[in-house]
Amino acid sequence: MKIPRYIGCSAGCSYDLCGFSDASTKGYAAVAYLRVTAKSGSVDVYLLGSKTKLAPMKTSTIPRLELSGAVLLALWLGRIKRALEPQQEISNVFAWSDSTIVLSWLGNTHTSSKTFVSNRIFQIQTTISV
């Protein structure tokens with residue numbers, strides 16, 4: 001069963017896809033919003049959805065969980081963008097994380113890191129523009 005979500009769309013609007021990811025020792029999550037700017041300059045923001053995952057049973061560090069959250073966000077934003085693009089052209093995609101370690105990993109080439117980090121950085125960088 002599908003229930004369509006209303007998004008205030010009209011000709012001449014600008015659409016920005018926005019997302020945020022976060023993690024804790026218990027799990028990680030990603031949330032996506034659509035920011036619609038009308039010709040008049042008024043802005044509306046719509047919650048599109050969220051994804052969550054439990055942390056693995058094997059203990060992992062918070063930076064690795066934050067990186068997994070960033071991967072979840074990248075994949076989620078990519079899926080949403082592909083679903084919306086036939087109807088609306090997405091102007092920008094913004095992805096945020098509060099982890100400075102993840103942000104610094106994303107600023108480097110993925111080949112300079114260990115395998116776990118490298119694979120996830122590569123996945124994020126190929127899914128969305130960093």
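User: In what order do the 4 strands of the open sheet stand?
Analyst: A note before we start: this is a predicted model, in which local features need pLDDT of at least 70 and side-chain atom pairs count only at pLDDT 80 or more, while totals for chains, interfaces and linings use all residues. Residues are numbered from 1 along each chain as its sequence is written, and side-chain values use heavy atoms, with hydrogens and water left out. Strands (DSSP runs of E, at least two residues) and helices (runs of H or I, at least four) are numbered from the N terminus. The pairing in this open sheet is mixed, and its 4 strands stand in the order S3-S2-S1-S4.

User: Which strands stand at the edges of the sheet?
Analyst: Look for strands with a single partner, where two strands pair if DSSP finds at least two bridges between them. An edge strand here has one side left without a neighbour in the sheet, because it has a single partner strand. The two that stand at the edges are S3 (43–54) and S4 (90–97).

User: How many bridges join S1 to S2?
Analyst: S1 covers residues 14–23, and S2 covers residues 27–37. A hairpin of 3 residues leads from S1 to S2, and the two strands run antiparallel. The number of bridges joining S1 to S2 is 10.

User: Which residue in S4 is the bridge partner of cysteine 18?
Analyst: S1 is also joined to S4, and these two strands run parallel with 7 bridges. For cysteine 18, the bridge partner in S4 is phenylalanine 94.

User: How many of the 10 residues of S1 are buried?
Analyst: Buried means under 20% relative accessible area, exposed means over 50%, and partly exposed lies in between (1.4 Å probe, protein chains only). By this test S1 is mostly covered. Out of its 10 residues, the number buried is 7.

User: Which residues is serine 68 in contact with, leaving aside its neighbours within four places in sequence?
Analyst: Contact means heavy atoms within 4.5 Å. Once the neighbours within four places in sequence are set aside, serine 68 is in contact with Tyr28, Phe116 and Arg120.
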